[in-house]
Amino acid sequence: MIKLLRRYGFHPRVAVWELTLRCNMNCRHCGSRAGKAREDELTTEEAQQLCRDLAAMGCKYLTLSGGEPTLREDWPMIARTLVELGVTVGMISNGKAWSDETTRTAKSVGLESVAFSLDGFEQSHDHLRRVPGHFQKVLEALESCRRGGLRVSVVTTVTRENLSELERFRDYLGELGVGRWQVQIATPTGNMADHRELVIDPADMLVLVPLVATMRRDGKRPKVFPGHDIGYFGAPEEDLRDPHATIPFWTGCSAGCSVIGIESNGNIKGCLSLPSSMEDVDAFVEGNIRETPLREIWAREGAFSYNRNFTIDLLGGFCRTCDYGDICRGGCTWTNFAEKGLVRDNPYCYWRQWKTRLPDRV
């Protein structure tokens with residue numbers, strides 16, 4: 001499969017940009033341990049040059065992230081620059097500081113949508129976020145965007161506390177007018193590594209994956225989008241993917257192939273979720289735009305080797321024996337690293353759980 005992807009070419013079509021590591025919350029599941037801004041975050045001029053570089057390299061979709069991106073004062077200027085360059089721009093926010101003025105600004109600069117993090121019903125959400133009353137604050141932010149004509153999405157991190165709520169929660173989001181809902185699993189890195197009791201068991205994928213697939217095909221709102229850490233073959237796979245895509249099935253982690261992650265100090269990774277300095281990990285930082293032009297970092301021979309130079313020898317355990325190993329490449333790199341380090345042996349694979357826990361059905 002990686003040979004086929006090489007034929008399509010590696011282009012940063014999708015980007016996620018940590019505008020700042022500064023955050024006004026301290027959530028239990030934060031993978032980047034956000035809080036204080038990095039001491040060396042990009043200046044406005046450097047950020048605008050990065051906008052031009054991304055557009056010139058063919059970036060089509062970009063998400064402004066953090067930390068909390070609205071805490072960076074020049075975020076509207078950065079967003080507007082990207083939009084004027086032809087990039088579709090969204091934002092993910094925790095909603096704590098959101099206001100009607102923020103809605104008007106987001107609308108005026110041309111944001112395509114805003115995604116708010118909402119992790120189940122009030123008790124589950126507020127416990128994960130460590131801020132009593134925050135659930136209601138996010139509802140106010142959603143309503144502000146609705147009144148202001150700004151499209152909204154919700155991102156939910158699945159934990160042991162909210163797994164049983166998901167089906168009812170989806171109906172609730174539909175009542176709120178949410179159009180898109182991304183579901184992803186909690187990964188034990190960053191703050192969540194200190195709260196592994198909240199991380200679902202790999203066997204729970206036997207419940208979660210078919211549920212997400214069912215919600216994907218039922219035609220109800222909001223439309224459900226599984227994170228890249230959910231799925232991997234078996235009966236639900238067809239319903240998890242876009243049937244109109246060029247390749248309508250999972251083809252492995254896209255970090256460094258079609259996705260690029262940008263840290264607020266200019267560090268470049270294949271995926272923003274992958275750990276770096278906040279976790280004392282340097283395996284995934286490919287370079288810094290202050291030292292090397294973005295195009296050179298992206299095109300450097302040997303860059304993003306964990307995906308671009310993939311061979312079966314990089315797989316271990318069950319993944320090494322799996323018939324889908326060459327296609328799947330071990331699933332989500334972030335999940336793999338959290339559980340097995342640099343070895344690709346992903347326990348949160350639906351097919352693996354189905355094969356090993358229900359062998360009589362194979």
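How many aromatic pairs does the structure hold? The structure, a predicted model in which local features need pLDDT of at least 70, side-chain atom pairs count only at pLDDT 80 or more, and totals for chains, interfaces and linings use all residues, holds 13 aromatic pairs. Residues are numbered from 1 along each chain as its sequence is written, and side-chain values use heavy atoms, with hydrogens and water left out.

Rings of Phe, Tyr and Trp (its six-membered ring) are paired if their centres lie within 6.5 Å, and planes under 30 degrees apart count as stacked, over 60 as edge-to-face and the rest as tilted. Helices are DSSP runs (H or I, at least four residues), numbered from the N terminus. Elsewhere, ring pairs join Phe121, Phe135, Phe169, Tyr172 and Trp181 in a cluster.

Helices H3 (residues 75–84) and H4 (residues 100–109) pack at an angle of about 25°, their axes (lines fitted to C-alpha atoms over the stretch in contact, with angles from 0 to 180 degrees between N-to-C directions) lying 9 Å apart. The two helices are therefore roughly parallel (angles under 35 degrees). In their contact (heavy atoms within 4.5 Å), Trp75, Pro76, Ala79, Arg80 and Val83 of H3 meet Thr102, Thr105, Ala106, Ser108 and Val109 of H4.

Definitions and conventions:
Angles under 35 degrees count as roughly parallel, over 145 as roughly antiparallel, 65 to 115 as roughly perpendicular and the rest as oblique.
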